[in-house]
Amino acid sequence: MGHIPGRSEYGFLSPAVRLMSRIKYPHKFALIGFLFALPLGLTIFFLVKEINKSINFAQKEIQGLEYLIPVKELEANMQIHRGTAYALKKQPAFQKKLEAIEAKIDENIHAIDLVDRRFAEEFFTSQQWSDIKNKWHTLISNMPFIPDQEVFDQHTELIERFLT
């Protein structure tokens, strides 16, 4: 292949070849080092950005677990309360057990109140939690005056609120 007049033998690399031929060796090494470091730096930047996103996501999952643990305990205690309250209508001997479960539920409510104060802004749960507490207190205060099936149904409705 012969030399074409008006064309450099390096083709589209001609500007780079001219630049490299004009600068001294220390500058050549600095330029080559910079050209290798640039994509490496960008790769590290995006890697760190992804790692930080993963860390933030994991922290939110941990916070969610901190919230869910007392909620699940409350849900389980409300299920026990539902069965015990239903049984109480048939056998008054369950009264002490019902009172003990209500004390556990009060502890669960207090624990959730503390967690809700910490994470309410992130999870937007305060209004929903307040509604659940109000329904619980209404149920407890009205329980002696409503029929058995209604007590059971109101408990079930309240428990289902935890699942949504």
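## Basis of the model

The structure is a predicted model, in which local features need pLDDT of at least 70 and side-chain atom pairs count only at pLDDT 80 or more, while totals for chains, interfaces and linings use all residues. Residues are numbered from 1 along each chain as its sequence is written, and side-chain values use heavy atoms, with hydrogens and water left out.

Helices are DSSP runs of H or I with at least four residues, strands are runs of E with at least two, and both are numbered from the N terminus.

Helix α2 (residues 25-90) packs on α3 at an angle of about 155°, their axes lying 9 Å apart. Axes are lines fitted to C-alpha atoms, for helices over the stretch in contact, and angles run from 0 to 180 degrees between N-to-C directions. The pair α2 and α3 is therefore roughly antiparallel (over 145 degrees; under 35 counts as roughly parallel, 65 to 115 as roughly perpendicular and the rest as oblique). The crossing of α2 past α3 is left-handed, that is, the near helix is turned anticlockwise from the far one by less than a right angle. This contact of α2 with α3 comprises 17 nonpolar, seven polar and nine charged residues. Here Ala, Val, Leu, Ile, Met, Phe, Trp, Tyr, Cys and Pro count as nonpolar, Asp, Glu, Lys and Arg as charged, and the others, Gly among them, as polar.

Against helix α4 (residues 126-142), α2 packs at about 20°, with the axes 14 Å apart; the two are therefore roughly parallel. Y67, L74, M78 and H81 of α2 make the contact with W129, W136 and I140 of α4, where contact means heavy atoms within 4.5 Å. Six of these residues are nonpolar, one is polar and none is charged.

## Packing of α4 with α5

Helices α4 and α5 pack at about 165°, with axes 11 Å apart, and are therefore roughly antiparallel. Their crossing is left-handed. On the α4 side the contact includes W129 and W136, which meet a set of α5 residues including L158 and F162. By class, the contact of α4 with α5 has seven nonpolar, three polar and four charged residues.

## The largest pocket

The lining of the largest pocket consists of 15 residues, with Y67, L68, V71, T125 and Q128 nearest its centre. Elements giving two or more residues to this lining are α2, α3 (95-123), α4 and α5 (148-163); α2 gives the most, with six. The lining divides into eight nonpolar, four polar and three charged residues. A pocket is an open set of points on a 1 Å grid over the protein atoms alone, where a 1.4 Å probe fits, with protein on both sides within 12 Å along at least five of seven lines; lining residues have an atom within 4 Å of a point.
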